Amino acid sequence: MPAEASRPCSLYVLPVKPSQADLEIGYATRGAQVVTCDAARRLAVQTHEAEHLLEERGRK
């Protein structure tokens with residue numbers, strides 16, 4: 001499996017004493033980061049599967 005599929009996502013971390021704005025920014029930022037990370041992982045897995053399918057077709 002490609003390294004991108006198992007690489008951990010980096011996520012926004014709240015400051016020690018977060019303000020309301022920090023919480024709101026953190027909520028939106030983390031949501032975007034999770035979506036981006038999930039899409040990258042999905043693309044890595046799909047590419048890996050497509051490569052193996054092409055290799056299999058090439059052998060036949």
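Arg42 is partly exposed, with a relative accessibility of 45%; here buried means under 20% relative accessible area, exposed over 50%, and partly exposed in between, using a 1.4 Å probe and protein chains only. The model is predicted, so local features need pLDDT of at least 70 and side-chain atom pairs count only at pLDDT 80 or more, while totals for chains, interfaces and linings use all residues. Side-chain values rest on heavy atoms, with hydrogens and water left out, and residues are numbered from 1 along each chain as its sequence is written.

Which residue does Arg42 pair with in a salt bridge? The partner is Asp38, with the closest N and O atoms 2.5 Å apart. A salt bridge here is a side-chain nitrogen of Lys or Arg within 4 Å of a carboxyl oxygen of Asp or Glu, and the structure holds one. Asp38 is partly exposed too, at 40%. Both residues sit in helix H2, four residues apart, or about one turn of the helix; helices are DSSP runs of H or I with at least four residues, numbered from the N terminus.

## The disulfide

There is one disulfide, defined as a pair of cysteine sulfur atoms within 2.5 Å. Cys9 and Cys37 form this link, with their sulfur atoms 1.6 Å apart. The pair joins distant parts of the chain, 28 residues apart: Cys9 lies in the loop between helix H1 (3-6) and helix H2 (20-59), and Cys37 in helix H2. The link is left-handed, with -75 degrees about the S-S bond.

Are the two cysteines buried or exposed? Cys37 is buried at 13% relative accessibility, whereas Cys9 is partly exposed at 29%.

Conventions: Helices (H or I, at least four residues) and strands (E, at least two) are DSSP runs, numbered from the N terminus.
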